[in-house]
Amino acid sequence: MPSQLDILQPATLAEAIEMRAAHPEAIALAGGTDLMVELNFDRLRPPAVLDLTRIPELTEWAPEDGRIRVGAGVSYTRIIDELGDRLPGLAIASRTVGSLQIRNRGTVGGNLATASPAGDGLPPLYTSDALVELASPRGTRRLPVAEFVTGPKRTALAPDELIAAFVLPPAAGPQQFAKVGTRNAMVIAVCSVSLALWPDERRVATCIGSAGPMPLPAADADAFIAGVLEEHDAWSTRAPLPDVALERFGELAGQAARPIDDVRGTAAYRRHAVGVMARRTLSWAWSAL
Ligand SMILES: Cc1cc2nc3c(=O)[nH]c(=O)nc-3n(C[C@H](O)[C@H](O)[C@H](O)COP(=O)(O)OP(=O)(O)OC[C@H]3O[C@@H](n4cnc5c(N)ncnc54)[C@H](O)[C@@H]3O)c2cc1C
């Protein structure tokens, strides 16, 4: 006997929130690029699907008090096409996600909810101190992304909540993202690095992806390079970064990784690659300042 799968199709976010509360057993569906794999491989048998694809509010983005609020259902393709100038780090990461078909369907909201350590959308949100907006019948709350992701594939999302949006500042300086994979496209990251320069705050923000249980900010590397930049008055002079400082920055970023050995790479390789990517992304970003 085939089991029944109910499809719930709210037309507004308010309706979706109501349905979420009334049907806690239903699983949300945005682009379906994670969820359909789970269903196809029979790893998940939900009695109902809450289809979020017809909700206009989730697919909108807009400026908000000097920041940008991006609906959870905005696809990677639209982030690249419509927000590439304002959110370059997230756009570069988005370009590395899957294939055109996956980028057309897949959403950052889905990436956040899945919270895979290899989710490419997450590190750029960390380097921009993004907030994740959650909505439920109890109201709306916003959590820093680093509090939203609580572990590998674990989040602070309550059973009655949906991700409505994420909110982050537009880039104030160059941003970069680099990813190592076993081939050029359609590949889960072996490891990645996202880096953003915030010249107004004289701050470098670096986050490591896919080399730990969750995205990992490289706080010691960032503090080290902030000190070097101050010492050389480099934010004012834009002087080239000394090679020795870049080397040390990479080393400290590598040490911030908490990698494992798995089929995609060894822990030692990941740590090394994180160091190289951290050095490169910093030097690319600095020379674009
Ligand atoms: C061939 C292929 C290649 C891929 N390549 C990459 C890659 O390179 N990098 C990468 O990071 N990922 C990759 N992925 C994984 C996937 O595309 C991403 O994680 C994507 O961001 C998922 O978004 P989605 O909208 O499709 O989510 P869905 O599959 O619709 O949902 C994913 C999860 O999020 C939940 N969810 C979705 N929206 C909400 C919401 N608004 N509120 C609450 N919960 C919600 C769902 O219930 C589900 O648990 C790939 C997948 C495939 C199939």
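Colleague: Which elements cover the buried residues of α4?

Modeller: Helices (H or I, at least four residues) and strands (E, at least two) are DSSP runs numbered from the N terminus, and buried means under 20% relative accessible area, with exposed over 50% and partly exposed in between (1.4 Å probe, protein chains only). The cover of α4's buried residues includes the helices α3 (76–83), α5 (100–105), α6 (108–114) and α7 (122–127), together with the strands β10 (162–168) and β11. Helix α4 (residues 88–95) has six of its eight residues buried, namely P88, G89, L90, A91, A93 and S94. This is a predicted model, in which local features need pLDDT of at least 70 and side-chain atom pairs count only at pLDDT 80 or more, whereas totals for chains, interfaces and linings use all residues. Residues are numbered from 1 along each chain as its sequence is written, and side-chain values use heavy atoms, leaving out hydrogens and water.

Colleague: What is the strand order in the open sheet of four strands?

Modeller: Two strands pair if DSSP finds at least two bridges between them; here the order is β11-β12-β13-β14, with antiparallel pairing. Because β11 (175–180) and β14 (216–217) each have a single partner strand, they stand at the edges, and one side of each is left without a neighbour in the sheet. Strand β13 (residues 203–209) is joined to β14 by two bridges, and I208 has L216 as its bridge partner in β14.

Colleague: Which strands does α11 touch where it packs on the sheet?

Modeller: Contact means heavy atoms within 4.5 Å, and angles, from 0 to 180 degrees, are taken between N-to-C directions of lines fitted to C-alpha atoms, for helices over the stretch in contact. Helix α11 (residues 243–256) touches β12 (191–198), β13 and β14, and its direction makes about 45 degrees with that of β13. Helix α12 (residues 267–287), in turn, lies across β11, β12 and β13, at about 30 degrees to β12.

Colleague: Which residues of the largest nonpolar core touch the most other members?

Modeller: Such a core is a set of buried Ala, Val, Leu, Ile, Met, Phe, Trp, Tyr and Cys residues joined through side-chain atoms within 4.5 Å. Among its 32 residues, they are V204 and L282, and α12 gives the largest share, seven residues. Leaving aside residues up to four places away in sequence, L282 touches L195, L197, V204, I225, L241, L246 and F249. Another core, of 27 residues, lies apart from it and has Y76, V97, V108 and L168 among its members.

Colleague: How far is a polar side-chain atom of D34 from an oxygen atom of the ligand?

Modeller: The distance is 2.6 Å, while a polar backbone atom of I163 is 2.8 Å from a nitrogen atom of the ligand.

How values were computed
A polar contact is a pair of N or O atoms within 3.5 Å; within protein, one must be able to donate a hydrogen and the other to accept it, and residues adjacent in sequence count only if both atoms are side-chain atoms.
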